[in-house]
Amino acid sequence: MSHEDVLNPTKLPHDPEKATLEGKNKFLAFWFFLGGETVLFASLFGTYLALNGSTQGENTPEHLFGLELVFIMTMLLLTSSLTSVYAMYHMKNHDFGKMQKWLGITVALGFAFLGFEIYEFYHYIHEYGFTFRSSAFGSAFYTLVGFHGGHVLFGLSWIVTLMIRNQKRGLNLYNAPKFYIASLYWHFIDVVWVFIFTVVYLMGKVG
Amino acid sequence: MSTAVAQKRGLGAAIWDYLTTVDHKKIAHLYLYAGGLFFLIGGLEAMIIRIQLMKPDNNFISAGLYNEMITMHGTTMIFLAAMPLIFALMNAVVPLQIGARDVAFPFLNSLGFWLFLFGGLMLNVSWFTGGAPDAGWTNYAPLSTTSPGHGVDYYVMGLQISGAGTLIGGINFLVTIVNMRAPGMTYMRMPLFTWSVFVTSTLILFAFPALTVGLFLMMFDRMFGSAFFDVGLGGNAIIWEHLFWIFGHPEVYILILPLFGAFSDIFSTFSKKRLFGYSAMVFATVLIGFLGFMVWAHHMFTVGMGPIANSIFAVATMAIAVPTGIKIFNWLFTMWGGQIKMTAAMLWSVAFIPSFTIGGMTGVMLAAAAADYQYHDTYFVVGHFHYVIVGGVVFGIFAALHYWWPKMFGIKLNEKLGKLAFWPFFVGFHLTFFIQHFLGLMGMPRRYWVFLEGQGLETGNMISTVGAFFMAIGTLIFVYNVIYSAKKEKKADGDAWGTGRTLEWAIPSPPPHYNFVQTPLVRGLDPLWVEKMDGKEGMTPAEPLGDIHMPNASFLPFMMSLGTFIAGFGFIYQVDNKAWLIAVFAGMGILLGSMLVRSVKDDLGHHIHKEEIEEDIKKGVAK
């Protein structure tokens with residue numbers, strides 16, 4: 001396939017993300033990568049569960065967490081996963097404008113989530129004096145939730161970069177795989193959050 | 001651009017070529033040079049350890065330096081010698097064996113190498129900046145979290161950086177093997193080496209993230225005041241042991257499986273027979289890979305996990321002996337009735353079988369949890385793991401290098417010198433490590449700086465040290481052979497051994513940088529052999545002669561790795577002085593900036609035109 005066919009295809013196929021060998025490779029490699037990421041988060045969850053009770057008698061999970069805030073955060077992130085599905089739906093229908101619009105909404109929801117998370121951490125540190133260093137539980141909590149937050153920030157920067165870079169030229173066979181795997185990453189972040197919500201917040205509050 | 005062309009344009013151009021190359025064959029060379037250098041450094045450290053233990057109450061080096069030596073010997077040999085040498089073989093051979101023109105992600109391939117190299121350099125810089133890591137290669141907490149100075153910090157950052165490189169390499173080879181196989185190369189026609197690399201890459205993918213997390217926790221505890229392993233604040237030091245061995249046990253299979261694959265190819269080539277029990281071999285490889293994840297806690301029998309956990313892990317560990325036994329017998333049956341040619345590669349392979357089997361046997365002994373209370377942390381364990389790692393991995397690397405050297409460099413290693421290197425190494429290896437089992441049973445603990453007089457340990461330790469010198473002599477002869485062969489040996493044929501069975505022997509030695517002029521059509525297991533039996537010269541092409549698409553060279557992988565290197569120093573020294581945070585931001589800036597450039601700049605590769613390829617065919621450098 002010539003460079004011209006990749007960058008300015010006369011007709012886009014139904015799955016533009018998998019139309020080239022590079023696209024197929026990226027698609028597969030990213031699934032493998034997410035497999036590795038799963039082990040990474042599994043290790044962090046294991047550590048968190050092992051240190052769950054090591055609060056040194058203060059700032060226990062029941063005492064700290066407020067489910068209202070976490071509920072809003074969960075809704076924001078779950079919705080952003082849905083909007084990224086819409087974006088990919090429009091990508092497969094070759095509607096670049098609508099894809100960008102839905103990715104924009106995804107990113108906005110992601111930033112809102114991140115804002116709440118920063119507020120949450122700030123709140124724990126300043127209202128409760130609960131920090132990364134105050135107990136083994138503190139270390140485990142900020143590391144697990146912070147790793148997830150770091151992934152959110154990276155995902156947002158990634159999607160924004162792709163949106164700006166391709167704003168003018170539209171969809172082609174070179175950038176379609178990039179958009180697609182960025183959306184896979186975003187789904188993965190969302191799935192991890194479901195586990196954090198369950199293991200950290202729900203079990204911390206009622207478990 | 002080939003190496004020869006680059007050299008004509010001067011040394012600068014050649015260096016720049018290697019700094020920016022994305023060609024898997026050149027990356028294989030880089031891995032080999034770097035891994036070889038670290039192997040010599042690790043060997044030097046081993047010699048110092050053995051000299052210190054030559055006689056009772058010896059004072060050759062101080063106790064502190066001794067701790068640094070044992071830590072760096074283990075860490076260097078595993079992460080900086082064995083792993084990159086295996087990656088050298090993977091890079092040199094796998095794309096050729098599956099009929100591909102490069103790996104799936106040439107850019108990431110280069111990134112993986114530079115990350116490994118900078119991680120390795122970082123670890124070794126510690127010798128010059130106030131002391132190397134000294135908590136053992138396993139780096140158990142709280143010994144590691146309370147170790148003074150920055151030695152352990154270098155361990156954490158160095159392994160984090162090189163570990164990222166390995167993970168990237170693992171994903172790359174997985175995708176390469178799944179997506180880039182030539183037409184007709186079904187999974188059950190893949191050479192055993194490719195199969196074992198496939199399983200190994202899966203292990204890398206699922207094992208290394210556990211190490212990543214362990215190292216992060218260690219980094220946070222040592223550099224940012226968290227309390228994961230600090231019992232005073234509710235932490236738990238056993239978490240490190242679990243994370244380390246969830247990575248560490250699969251790691252030993254990551255080391256040995258590719259060499260199992262190499263031995264399989266070598267045995268069948270030099271016995272002029274197809275591999276005995278091919279599908280059983282594939283099954284055994286996959287099963288070893290799977291069971292390898294179920295046994296990590298056998299390193300922790302004495303921690304106090306209780307009889308149930310110990311029993312489960314003991315049984316799972318013993319089960320691994322079954323697929324390994326299948327392999328041993330299949331290798332023997334491959335040689336049975338074959339026309340055996342005892343080349344240097346074959347010599348190392350044949351010597352591997354009894355050596356490794358002894359290591360496997362002591363492995364089953366160690367797996368018996370109740371008995372392990374007696375063996376734990378003694379020289380018995382040291383003897384065991386050197387039998388499998390030296391007798392398996394190092395013998396395998398020597399065998400594989402002799403076997404594939406003509407494909408990598410276009411010349412064979414001198415056979416006589418190859419055999420001359422083998423004998424002192426082989427004899428020295430058994431002298432060094434066999435006696436260590438008995439030293440262990442007599443009660444000599446591992447990692448001790450000195451032992452006392454009059455406890456019956458003198459003779460054994462002396463024999464062990466003498467053996468180590470024999471191994472050093474063997475290694476030096478091998479190094480001499482590399483230099484000698486580069487000057488004296490004549491150009492090797494494409495099918496260098498005359499009995500090649502797999503695709504890499506169907507193209508010239510060394511191959512042109514696009515490997516295959518036309519992608520070959522694979523018509524069975526041992527595809528080249530199938531064509532030979534049909535009386536054909538070389539492979540049947542699967543495509544017409546045409547332009548070939550190849551990836552572009554890039555300097556970004558080097559820059560990204562350099563960024564992590566700089567940031568690593570920043571992380572280590574910001575504990576002393578916050579001004580070092582500048583290095584963290586600068587390094588991360590270089591890393592993320594390079595990633596941004598990579599993301600926004602289109603890189604579609606280039607085409608080699610049909611006319612150029614026809615020119616190469618005329619010159620005889622492509623086929």
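Predicted model: local features only at pLDDT ≥ 70, side-chain atom pairs only at ≥ 80, totals over all residues.
Residues are numbered from 1 along each chain as its sequence is written, and chains are lettered from A and ligands numbered from 1 in the order in which they are written.

**Chain A as a whole**

- Chain A has seven helices and zero strands; helices (H or I, at least four residues) and strands (E, at least two) are DSSP runs, numbered from the N terminus.
- If you walk along the sequence of chain A, you get the pattern α-α-α-α-α-α-α.
- The C-alpha trace of chain A spans about 65 × 30 × 25 Å along its principal axes.
- Take the contacts in chain A with a separation of 6 or more: 81% of them come from residues 24 or more positions apart. Two residues are in contact if their C-beta atoms, placed from the backbone, lie within 7 Å.

**Helix H4 of chain A**

- H4(A) covers residues 67–92, which is 26 residues, and reaches 38 Å from its first C-alpha to its last. That is close to the 38 Å expected at 1.5 Å a residue, the expected span being 1.5 Å times one less than the number of residues.
- Buried residues of H4(A) include Val70(A), Met73(A), Leu76(A), Leu77(A) and Ser80(A). Further along, Ser84(A), Ala87(A), Met88(A) and Met91(A) are also among them.
- What do these buried residues pack against? Their partners are helix H5 (96–128) and helix H7 (176–206) of chain A.
- After H4(A) comes His94(A), with a positive phi near 60°.

**Where the two chains touch**

- The contact between the chains takes 30 residues from chain A and 33 residues from chain B.
- On the chain B side, H6, helix H7 (192–223), helix H8 (238–271) and helix H19 (581–600) each supply at least two residues. H7(B) gives the most, with eight residues.
- Sorted by class, that side of chain B has 23 nonpolar, eight polar and two charged residues. Here Ala, Val, Leu, Ile, Met, Phe, Trp, Tyr, Cys and Pro count as nonpolar, Asp, Glu, Lys and Arg as charged, and the others, Gly among them, as polar.

- Helix H2 (residues 21–50) of chain A packs with helix H6 (residues 151–179) of chain B at an angle of about 135°, and their axes are 9 Å apart. Axes are lines fitted to C-alpha atoms, for helices over the stretch in contact, and angles run from 0 to 180 degrees between N-to-C directions.
- H2(A) and H6(B) are therefore oblique to each other: angles under 35 degrees count as roughly parallel, over 145 as roughly antiparallel, 65 to 115 as roughly perpendicular and the rest as oblique.
- Residues making this contact include Leu28(A), Phe32(A) and Phe33(A) of H2(A), along with Leu167(B), Ile171(B) and Leu174(B) of H6(B).
- By class, the contact of H2(A) with H6(B) has nine nonpolar, three polar and one charged residues.

**A closer look at Phe173(B)**

- Phe173(B) sits in helix H6 of chain B. Why does Phe173(B) count as buried? Phe173(B) has 28 C-beta neighbours inside 10 Å.
- Apart from neighbours within four places in sequence, Phe173(B) is in contact with Met90(B), Val94(B), Val103(B), Val197(B) and Ser201(B).
- Phe173(B) and Val94(B) are 79 residues apart in sequence, yet 8.4 Å apart in space, C-alpha to C-alpha.

- Most residues other than glycine have a negative phi, and most peptide bonds are trans.
- Gln56(A) is not a glycine but has a positive phi of about 60°. You'll find Gln56(A) in the loop between H2 and helix H3 (61–64) of chain A, and with 15 C-beta neighbours inside 10 Å, Gln56(A) counts as partly exposed.
- Asp526(B) also has a positive phi, near 55°. Buried or exposed? Asp526(B) is buried, with 22 other C-beta atoms within 10 Å.
- A cis peptide bond, with omega about 5°, joins Ala141(B) and Pro142(B); Pro142(B) is in the loop between helix H5 (106–125) and H6 of chain B.
- The bond from Ser509(B) to Pro510(B) is cis too, with omega near -15°.

Methods: Buried ≥ 20, exposed ≤ 12 C-beta atoms within 10 Å, placed from the backbone.
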